Amino acid sequence: MRLLLALSLLLLAALPGRAEEIVLGLSKDEVAITATFDGSDILIFGAIKRDEPAPTESDLGVIVTVAGPYEAVTVRRKERRFGIWVNTESVDIDVAPSFYAVATNRPLDEILTDDEDVATRISTGRAIRSVGPSETGSDNFSDALIRIREESRLYQTLSDGVWVKDNTLFRTLISLPANLTEGDYVAEIYLTRDGEVIDLYTTEIPVKKVGLERWLYNLAHENAVLYGLMSLAIAIAAGWGASAVFSLFRR
Amino acid sequence: MQIYLPIAEVSVNAFLLLGLGGIVGILSGMFGVGGGFLMTPLLFFIGIPPAVAVATEANQIVASSFSGVLAHFKRKTVDFRMGTVLLIGGLIGSALGIVIFNYLRSLGQVDLLVRLCYVVFLGIIGGLMFMESLRAIRKSNAGAPVPTRRRHNWVHNLPFKMKFRVSGLYISVIPPVLVGVAVGILAAIMGVGGGFIMVPAMIYLLGMPTKVVVGTSLFQIIFVTAFTTMLHATTNYTVDVVLAVLLLIGGVIGAQVGTRIGVRMKAEQLRILLAIMVLAVCGKLALDLLLEPSELYSIGSAGGH
């Protein structure tokens, strides 16, 4: 993925005379998952820098994508067996972002050609990939992945999510839901003319657990025995405390 | 107030968890049950991943059993010898249970296994309890004496006999070890203490006197659930201590309230209420398995092969 981006950036840089360039700002550089974390909004805003007046004969497209860490997932399907619903078939999807939002100023298919979508993997359907021989019906499984994650707001397609003023200023608001996974989130802003990408700006937004959340998570994974003993100690102390307080009340 | 659970990686309402802990605490105080068999399905319903729910509930049961056993220590109603024999079985069972749990987790069938176990056991226990308390109510209305249970059965003809002074028994160690193994497996798979299986088994199968049954089972449950917690924490990293603490706070307060309510009610009424509740939870879980789900697909993390 990174390599692809680097390549496309190189290609873009090699194009003669980049007439339009993105200048970007973010409302936050990072997202901290605290104990009371309940989702977060990121305002992505910017302007288009030009050396000459804006072209009038073609339409401007602004696409903002925010992708969480890529991971492999297994999608399972239930079927009725012996009268009850049981997981039967499963398909491994090699690469799927844990979070993916695409915001555009107009419907995606109007501002991005299909060929460009294949190359850049912008649309949600193309951001998900199963490497290796595609099994029959595996499309149903990736559709299901998108559907389930759209319901929990982990995948979002915001067709008029980008507000553009005077073909120069743009901004969009991406809402991150509460059930986020940690990692480096990548925000990409694409500028298109006639469906072709003319500029790309990439920036990282780290999302990480902080404070108590960080400490507990690390302890549970790196020092599992100590964490288990700590959980037990808390439980026994609470049980003993409850019984002590109860006997005080009784007297 | 939303709170983000660091291990479950979901955000839930803290008051909802305190409330759930409280309600289950009240019920466990009223009926003298651990409440694990109610809490774990409730955690499924509010969206806690089943693996986390089962592991965390084991940790919470350590607390409630410890609180309960202290009272029995004072009254000297714990048969340590019997408890230790049950415990040896329990530890073996718990280790077996974790192996089964992790194997099915890798197959993506752990939800099914946990739910099936719940439907089967809650169905059997709830059904038996319901019929038994109906009969008891009818009998107490008619004024007939309760029949005394058989004192000698096949259990008394097995080898490796041992004296259990507190229980006043001289029986083979095989049945208590087997009861322990069964309860240990259930504790690991279902995230329950297993008291609801062990107590009837101790009374009807082993023939232990009722007054030492609860204390002894609590004594065994503490160690088996503590061991289960450690196994889950070190192999699956699924014990969520924040979740456990929130459930604990609600649970210990609820248990005190429940005990007071329980004292004022008749035993038969209590038992029939508990039976109805057990059957209701069982019914809900059974429907989930029998009816076509609205979403046939589910997402799991890869790598479990």
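**Exercise 1.** At what angle do helix α4 (residues 80-107) of chain B and helix α6 (residues 174-190) of chain B pack, and how far apart are their axes?

*Solution.* A word on the source: this is a predicted model, where local features need pLDDT of at least 70, side-chain atom pairs count only at pLDDT 80 or more, and totals for chains, interfaces and linings use all residues. Residues are numbered from 1 along each chain as its sequence is written, with chains lettered from A and ligands numbered from 1 in the order written.

Step 1: the angle is about 40°, and the axes lie 6 Å apart. Axes are lines fitted to C-alpha atoms, for helices over the stretch in contact, and angles run from 0 to 180 degrees between N-to-C directions.

Step 2: that makes α4(B) oblique to α6(B) (under 35 degrees is roughly parallel, over 145 roughly antiparallel, 65 to 115 roughly perpendicular, the rest oblique).

**Exercise 2.** Work out which residues join α7(B) to α8(B).

*Solution.* Step 1: the axes of α7 (residues 195-205) and α8 (residues 210-235) of chain B come within 10 Å and cross at roughly 140°, so this pair is oblique too.

Step 2: α7(B) brings G195(B), M198(B), V199(B), M202(B) and I203(B) to the contact, and α8(B) brings T210(B), V213(B), V214(B), S217(B) and I221(B) (contact: C-beta atoms, placed from the backbone, within 7 Å).

Step 3: sort them, and you get 7 nonpolar, 3 polar and no charged (Ala, Val, Leu, Ile, Met, Phe, Trp, Tyr, Cys and Pro are nonpolar; Asp, Glu, Lys and Arg charged; the others, Gly among them, polar).

Notes:
Helices (H or I, at least four residues) and strands (E, at least two) are DSSP runs, numbered from the N terminus. Two residues are in contact if their C-beta atoms, placed from the backbone, lie within 7 Å.
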